[in-house]
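Have your viewer ready and a pencil to hand.

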Amino acid sequence: MEDAAVERQEIHKEFVPQGKTVNAEFYKEVLRRLHKAVNLAQRWRLHHDNAPAHTAFLVTSYLTRIGVEVLPQPPYSPGMSPPDFFLFPKVKRCLRGHSFGDISNIQRAVTKALTGITPTDYSGAYEAWKTRWQRCVDAQGEFFEEYKRFVQIGSINLFF
């Protein structure tokens, strides 16, 4: 099916208010609004990174209560979460080299970049995500990006 033939619908998008910190309370409310916006007849899964707001008890207990399965984020595996390897770089490419003047112009440009992502792009990201998971399994949970070994000594992270 061609991308142009697929009806695309924005499910949920919101911007963090200027000066607001993304903490557990804020993230839980975003997830609540997202949950309300999605088709509740369908079971859905969530994969996000290990940011403190994502792993806080307030958030994990909320997701458990509403029946959302959270896929684990392997430690020391940057680039496993689709926003990190697909969505953010794609949006950044659209914004690079432009001057926006104010927040509303940035928000319009980000919205335009997001709406320009095709179903084929999302399918490709899903396939890449599955490949990354397999690489992580193959590396037995070690730093998988280049099959490097990770060692933490005190507060120092060493990759070799």
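Setting aside neighbours within four places in sequence, Val110 is in contact (heavy atoms within 4.5 Å) with Phe15, Val91 and Leu95. The model is a predicted one, in which local features need pLDDT of at least 70 and side-chain atom pairs count only at pLDDT 80 or more, while totals for chains, interfaces and linings use all residues. Residues are numbered from 1 along each chain as its sequence is written, and side-chain values use heavy atoms, with hydrogens and water left out.

**Exercise 1. Find the element that holds Val110, and decide whether Val110 is buried or exposed.**

Step 1. Val110 is found in helix H5. Helices (H or I, at least four residues) and strands (E, at least two) are DSSP runs, numbered from the N terminus.

Step 2. Buried means under 20% relative accessible area, exposed over 50%, and partly exposed in between (1.4 Å probe, protein chains only). Val110 has a relative accessibility of 15%, so Val110 counts as buried.

Step 3. Now try a distance: the C-alpha atoms of Val110 and Lys92 are separated by 8.6 Å, and these residues are 18 apart along the chain.

**Exercise 2. Work out how H4 and H5 are arranged.**

Step 1. Helix H4 (82-95) and helix H5 (residues 103-115) pack at an angle of about 120°, with their axes 9 Å apart. Axes are lines fitted to C-alpha atoms, for helices over the stretch in contact, and angles run from 0 to 180 degrees between N-to-C directions.

Step 2. Angles under 35 degrees count as roughly parallel, over 145 as roughly antiparallel, 65 to 115 as roughly perpendicular and the rest as oblique. H4 and H5 are therefore oblique to each other.

Step 3. The contact is made by Leu87, Val91, Cys94 and Leu95 of H4, together with Ala109, Val110, Ala113 and Leu114 of H5.

**Exercise 3. Check the span of H6 and find its buried face.**

Step 1. The expected span of a helix is 1.5 Å times one less than its number of residues. Helix H6 (residues 119-138) has 20 residues and should therefore span 28 Å; its end C-alpha atoms are 29 Å apart, which agrees.

Step 2. Ala125, Trp129, Arg132 and Cys136 are the buried residues of H6. Seen down the axis of H6, these buried residues fall within an arc of 65°, so they line one face of the helix. The arc is that of the directions from the helix axis to the C-beta atoms.

Step 3. The partner of these buried residues is helix H4. After H6 comes Gln140, whose phi is positive, near 55°.

**Exercise 4. Describe how H1 and H3 meet.**

Step 1. The axes of helix H1 (residues 24-37) and helix H3 (residues 57-65) come within 8 Å and cross at roughly 20°. That makes H1 roughly parallel to H3.

Step 2. On the H1 side, the residues that meet H3 are Ala24, Glu25, Tyr27, Lys28, Leu31, Arg32 and His35, and on the H3 side they are Leu58, Val59, Tyr62 and Leu63.

Step 3. Repeat the span check: the 14 residues of H1 should span 20 Å at 1.5 Å a residue, and its end C-alpha atoms are 20 Å apart, which agrees.

Step 4. The buried residues of H1 pack against strand S1 (45-46), helix H2 (52-55) and H3.
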